[in-house]
Protein chains: 2
Amino acid sequence: MSRGVAKIPVAPRPRPAEPAKSRGTAMRILAAAELLVQTRGFNGFSYADIAAQLQITTAALHYHFATKADLGEALIADYSQNFSKTLARLDADHTQPADKLVGYSDVYLEVLRAERMCLCGMLAAEYQTLPEPMQHAVVQFFDANETWLEQVLEQGQREGTLHLYGPARDIARMIIGGLEGAMMVARACGDVRRFQDAASRLIGGLTVARGG
Amino acid sequence: MSRGVAKIPVAPRPRPAEPAKSRGTAMRILAAAELLVQTRGFNGFSYADIAAQLQITTAALHYHFATKADLGEALIADYSQNFSKTLARLDADHTQPADKLVGYSDVYLEVLRAERMCLCGMLAAEYQTLPEPMQHAVVQFFDANETWLEQVLEQGQREGTLHLYGPARDIARMIIGGLEGAMMVARACGDVRRFQDAASRLIGGLTVARGG
DNA sequence: GTCTATAACGAGATAGAC
DNA sequence: GTCTATCTCGTTATAGAC
């Protein structure tokens with residue numbers, strides 16, 4: 001980073017500093033739509049909902065995302081990217097696989113506490129009604145999660161800090177499905193504990209020393 | 001029950017034998033709608049879809065189920081009733097709690113193999129967009145499942161055939177969420193094994209003698 | 001109990017002005 | 001980039017004939 005001198009206007013760039021308004025609007029749209037999908041599902045909201053919240057017209061929305069399918073693709077891309085960053089941060093913050101797993105589970109817990117579902121969990125339920133590019137991106141999300149979990153689990157097995165009572169891949173699949181499903185049920189029942197109980201069994205059953 | 005004599009026509013009843021056609025149509029509507037919810041979700045189909053499949057008009061649908069919300073309520077009632085019967089049959093068919101659990105998991109597996117999701121699992125995802133009576137009925141479904149599982153798990157613990165590494169209620173919650181979520185992910189990934197792997201870890205981890 | 005016809009509305013999307 | 005205006009279509013629902 002440059003030093004603490006006052007910002008000096010740089011020479012005109014090929015791509016001028018992106019018109020703050022435009023790029024900002026696209027991001028605001030994404031944020032609003034993300035919330036809507038995470039709470040109501042992709043089939044549970046319309047451009048009008050976003051427009052109302054952002055105080056713009058639906059025509060403006062179509063300027064940024066020509067079709068709802070395009071918006072959907074952008075949403076998954078954004079969400080997946082953020083999730084990847086989160087996984088990387090978990091790797092950086094924790095050395096113990098058991099801690100990584102708890103951190104992973106806590107990510108879901110925080111989403112639930114924010115009264116949201118996992119974006120891709122919602123889309124998985126609506127899978128058959130989604131345009132093909134969105135379907136594909138949803139599967140990629142789950143694959144990435146499975147791969148990450150598998151590596152964490154195998155690390156714990158190698159180091160003897162996790163007791164895997166089956167193949168790492170199977171347990172990874174159990175954890176993903178378990179957290180996704182428990183979130184859905186917990187929200188419906190209006191009871192966050194329902195998620196926490198399931199999650200602690202899912203993860204705690206793997207730790208060597210304690211019962212979770 | 002009366003003995004094996006040929007049925008004798010009883011005196012005219014207040015409610016005459018329900019007009020076969022009518023009742024038959026209502027049932028066909030329920031069956032068609034059930035499939036649609038289990039594959040596309042409650043927000044993923046319209047009366048026109050059912051009408052086309054049953055070769056009747058949407059007006060006829062409204063005769064049997066005045067509003068879509070009414071249809072939705074009837075769907076959950078029907079589904080929950082069938083599920084209860086299934087649980088009762090599992091109790092009747094198996095004495096070993098471990099076998100009941102495998103049977104329970106197999107129910108979900110068969111639904112998935114039929115290329116469907118759990119009706120209430122789908123509705124849980126769409127929860128926030130559902131009319132209140134449907135929301136209430138969905139929660140009841142999960143409560144009933146949790147109660148049944150809890151009893152099975154406690155039975156196994158008493159008899160020493162199941163090893164519960166935590167409170168029965170927590171494990172029941174893990175199993176329900178786990179099966180529901182794994183189903184969703186497995187369908188999206190087009191890979192039934194994904195469900196089977198998760199389910200076998202979910203259930204197999206509890207059996208005392210074998211690893212599942 | 002099912003039909004035709006239609007009301008009433010909301011959805012996604014586009015054209016063209018500013 | 002955002003607007004107004006508009007189009008087209010799908011959706012739930014009703015009225016009234018048969």
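Start by selecting B:Asp191: at 24% relative accessibility, this residue counts as partly exposed (buried is under 20% relative accessible area, exposed over 50%, partly exposed in between, with a 1.4 Å probe and protein chains only). You are looking at a predicted model, where local features need pLDDT of at least 70, side-chain atom pairs count only at pLDDT 80 or more, and totals for chains, interfaces and linings use all residues. Residues are numbered from 1 along each chain as its sequence is written, chains are lettered from A and ligands numbered from 1 in the order in which they are written, and side-chain values use heavy atoms, with hydrogens and water left out.

B:Asp191 sits in the loop between H8 and helix H9 (192-204) of chain B (helices are DSSP runs of H or I with at least four residues, strands are runs of E with at least two, and both are numbered from the N terminus). Now show its neighbours: leaving aside residues up to four places away in sequence, B:Asp191 touches A:Arg173 and B:Ala186 (contact means heavy atoms within 4.5 Å).

**Next stop: the largest cavity**

Select A:Gly181, A:Met184, B:Glu180, B:Gly181 and B:Met184, which lie nearest the centre of the largest cavity among its 13 lining residues. Its volume is about 80 Å³, and the structure holds three cavities of 30 Å³ or more. Colour H6 (119-125) and H8 (168-188) in chain A and in chain B: each of these helices gives at least two residues to the lining of the largest cavity. That lining divides into seven nonpolar, four polar and two charged residues.

**Then two helices of chain A**

Select H4 (residues 68-93) and H7 (residues 132-159) of chain A, which pack at an angle of about 10 degrees with their axes 9 Å apart. H4(A) is therefore roughly parallel to H7(A) (angles under 35 degrees count as roughly parallel, over 145 as roughly antiparallel, 65 to 115 as roughly perpendicular and the rest as oblique). To see the contact, show side chains including A:Ile76, A:Phe83 and A:Leu87 of H4(A), and A:Phe141 and A:Trp148 of H7(A). By class, this contact has 12 nonpolar, three polar and two charged residues.

**Last stop: Gln55 in both chains**

Where is A:Gln55? Look in the loop between helix H2 (47-54) and helix H3 (58-64) of chain A. Phi of A:Gln55 is near 60 degrees, a positive value in a residue other than glycine, and A:Gln55 is exposed, at 71% relative accessible area. Now jump to B:Gln55, in the loop between H2 (47-54) and H3 (58-64) of chain B. Phi of B:Gln55 is near 60 degrees, and B:Gln55 is exposed at 73%.

Notes. Axes fitted to C-alpha atoms, helices over the stretch in contact; angles between N-to-C directions. Nonpolar A, V, L, I, M, F, W, Y, C, P; charged D, E, K, R; others polar. 1 Å grid on protein atoms, 1.4 Å probe; cavity = no way out; pocket = protein on both sides within 12 Å on 5 of 7 lines; lining within 4 Å. Points joined across faces, edges and corners; volume = space filled by probe spheres on them.
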